[in-house]
Amino acid sequence: NMFWMDRYYEKTPLKKQLYEQIMALTKANTAVLGCWQSWWPQCPPGLESLEELTLVKYVSDYGKFFICTVSAGNFTVHSGITLSKPLPRKPVPLTRPLAADKIYLTFILSDGDNISGTMLIRPWLWQEKTRGKFPIGWTLAPLMADLCLAVLEYYHQTATGNDFFVTPCNGLGYIMAEYAKNLPSRDTVFNEYLSLSKTYLRQL
């Protein structure tokens, strides 16, 4: 299903009811793919889409997680690509005792939950000559395992010993803290989301 949410939908009862019905079409913990207004050309007055936080909060309240995919590759093609062998795995780094009299820094590149950025913007950073000269964590969207597995393979195959993959802090998708608050079984839905996230994290 494809839909557009305008910024002023709450002023029109029929639109409000329509969007509620759209959210009800799919079960809890279903991904919603798309983007928000700032990525799109200027719209006629009155037809502007929801802004980022408002849109993500709306779908999140109904127990759906958001995947930003504006201008990403053709997922009809990418999701059909399979690998002839499992993704290469890096050994988990050994943990070391931390000294109380030292300050430690961790460098992590955020916004990996935006698959568009991973496919279109991150390659520029990935090709920087300084990459690999110091440890850095690269966030990747776990759902890449379904939507663009070959892209995920590319990052694994070309990673240096100082490139580490981590998941975004919100798990499987982009969600807000009151996830599934509009559903009577909120706790069950949220626990299922955590379990689903854990399953996908193992594929990174």
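Author: Happy to! Let's begin with Thr69: this residue is buried, because its relative accessible area is 14%, under the 20% cut-off for that word. Please keep in mind that the model is predicted. Thr69 sits in the loop that links strand S2 to helix H3 (75–78). Leaving out residues up to four places away in sequence, Thr69 touches Leu33, Gly34, Phe75 and Ser116.

Now step back into S2 itself, residues 64–68. This strand is mostly covered, with five of its five residues buried. On one side you find Lys64, Phe66 and Cys68, on the other Phe65 and Ile67, and all of them are buried, so both faces are covered. S2 pairs with strand S1 (residues 30–34) in the parallel sense, over five bridges. One spot to look at is Val32, whose bridge partner in S2 is Phe66.

Next, follow Phe65. Beyond its neighbours within four places in sequence, Phe65 has contacts that include Ala31, Val32, Leu143, Tyr174 and Tyr193. Phe65 is also among the residues with the most contacts inside the largest nonpolar core, which has 30 residues; Ile115, Met144, Cys148 and Leu152 are the others named there. S2, helix H4 (115–120) and strand S4 (136–139) are among the elements that each supply at least two residues of this core. Helix H7 gives the most, four residues.

Finally, turn to Phe66. Phe66 belongs to a second, separate core of 18 residues, which also includes Cys35, Leu50 and Tyr58. As background, nonpolar side chains tend to be buried together in soluble globular proteins.

Methods: Residues are numbered from 1 along each chain as its sequence is written. This is a predicted model: local features need pLDDT of at least 70, side-chain atom pairs count only at pLDDT 80 or more; totals for chains, interfaces and linings use all residues. Side-chain values use heavy atoms; hydrogens and water are left out. Buried means under 20% relative accessible area, exposed over 50%, partly exposed in between (1.4 Å probe, protein chains only). Two strands pair if DSSP finds at least two bridges between them. A nonpolar core is a set of buried Ala, Val, Leu, Ile, Met, Phe, Trp, Tyr and Cys residues joined through side-chain atoms within 4.5 Å. Contact means heavy atoms within 4.5 Å.
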